Amino acid sequence: MKTKWPYQLGKEVMQRLGTCLGQEGKVAELYPAIPRNTDSKPEDWDKPEHIPDPDAKKPEDWDEETDGEWEPTVIQNPEHKGEWKPRQTDNPDYKGIWIHPEIDNPEYSPDSNIYAYENFAVLGLDLWQVKSGTIFDNFLITNNEAYAEEFGSETWGVTKAAEKQMKDKQDEEQRLKEEEEKKRKEDEEDEDDDEEDEAEKVEEEEEDAAAGQAKDELQGPQHRLQGWTEA
């Protein structure tokens with residue numbers, strides 16, 4: 001906590017940049033790569049970025065008196081190479097990532113009571129759990145392990161059995177409730193299936209009856225016609 005939070009001045013402080021560079025090394029030693037001294041810009045390097053379009057032609061109806069002097073459009077110069085920079089090479093003087101040196105802090109004063117408070121007004125918990133039902137009580141902040149064991153036996157040790165029994169009872173009640181709800185839904189689904197089957201059966205019987213009636217009505221005139229022919 002002493003190193004992460006500014007409760008007191010640090011034991012060490014960073015050395016002034018100008019002083020440490022003068023004592024520890026040169027600025028050039030801070031860079032892993034440096035420009036090559038042997039590289040020089042080629043004589044034909046500098047080319048304009050844009051050039052007139054060689055395919056551009058002045059329109060036939062161009063009137064310089066009204067339209068002004070005609071200028072061809074410009075295009076990107078394929079020979080333009082951009083800004084010239086020398087190639088990089090490994091720096092033989094590079095010593096790795098530079099760490100700012102520190103010196104003893106003349107204003108540092110150790111505080112042995114930095115953790116001591118007469119009263120804690122707030123205690124925060126940052127938790128992640130996948131199942132509810134966890135109970136928290138009797139918080140103790142101490143660096144005395146023996147006293148913590150004694151305090152735990154006198155508080156949590158007395159109530160843990162009853163708390164576990166209560167939790168087991170709640171879990172059992174919840175389990176029975178879930179099973180009852182599951183059975184109720186299954187019974188409702190079975191009733192719905194029976195009603196659907198009964199409705200389908202009635203519909204099939206009605207269709208069969210209607211088909212039989214239609215057949216009888218169709219055969220009736222044929223019998224009468226046959227009897228008249230025989231007569």
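Me: What makes lysine 41 and aspartate 46 a salt bridge in this predicted model?
Reply: The closest N and O atoms of lysine 41 and aspartate 46 are 3.3 Å apart. A salt bridge needs a side-chain nitrogen of Lys or Arg within 4 Å of a carboxyl oxygen of Asp or Glu, so lysine 41 and aspartate 46 form one.

Me: Why is aspartate 46 called exposed?
Reply: Aspartate 46 has a relative accessible area of 56%. The word exposed is used over 50%, so it applies to aspartate 46.

Me: What makes Glu172, Arg175 and Glu179 one network?
Reply: Salt bridges that share partners join Glu172, Arg175 and Glu179 into one network.

Me: Where do glutamate 172 and arginine 175 lie?
Reply: Both are in helix α4, residues 156-230, and they are 3 residues apart, about one turn of the helix. Glutamate 179 and arginine 175 are 4 residues apart in helix α4, so about one helical turn separates them.

Me: Why is glutamate 179 called partly exposed?
Reply: Glutamate 179 has a relative accessible area of 43%. Glutamate 172 is partly exposed at 35%, and arginine 175 is partly exposed at 35%.

Me: How many aromatic pairs does the structure hold?
Reply: The structure holds 1 aromatic pair. Its rings belong to tyrosine 147 and phenylalanine 151.

Me: Why is the pair of tyrosine 147 and phenylalanine 151 called tilted?
Reply: The ring centres of tyrosine 147 and phenylalanine 151 are 6.3 Å apart, and the planes stand at 40 degrees. Rings pair if their centres lie within 6.5 Å; planes under 30 degrees apart are stacked and planes over 60 are edge-to-face.

Me: What separates tyrosine 147 and phenylalanine 151 in helix α3?
Reply: They are 4 residues apart in helix α3, so about one helical turn separates them. Tyrosine 147 is partly exposed at 39%, and phenylalanine 151 is partly exposed at 22%.

Me: Where is phenylalanine 136?
Reply: Phenylalanine 136 is in the loop between β6 (102-104) and α3 (145-154). With 42% relative accessibility, phenylalanine 136 counts as partly exposed. Phenylalanine 136 is also one of the residues making a nonpolar surface patch of about 850 Å², including Tyr117, Leu123 and Ile141.

Me: Where in the chain is confidence lowest, and where is it highest?
Reply: Confidence is lowest in helix α1, residues 17-24, at a mean of 47, and highest in α3, at 93. The chain averages a pLDDT of 78. Where pLDDT is low, predicted coordinates should not be read in detail.

Conventions. Residues numbered from 1 in each chain as written. Predicted model: local features only at pLDDT ≥ 70, side-chain atom pairs only at ≥ 80, totals over all residues. Heavy atoms only, no water. Patch = residues over 30% accessible without salt bridge, like charges linked within 9 Å, V, L, I, M, F, W, Y side chains within 5 Å. Areas by Shrake-Rupley, 256 points an atom, 1.4 Å probe, with all protein chains shown as cover. Helix = DSSP H or I, 4+ residues; strand = E, 2+ residues; numbered from the N terminus. Buried < 20%, exposed > 50% of the residue type's maximum accessible area, 1.4 Å probe, protein only. Phe/Tyr/Trp six-rings, centres within 6.5 Å; stacked < 30°, edge-to-face > 60°. pLDDT = per-residue confidence, 0-100.
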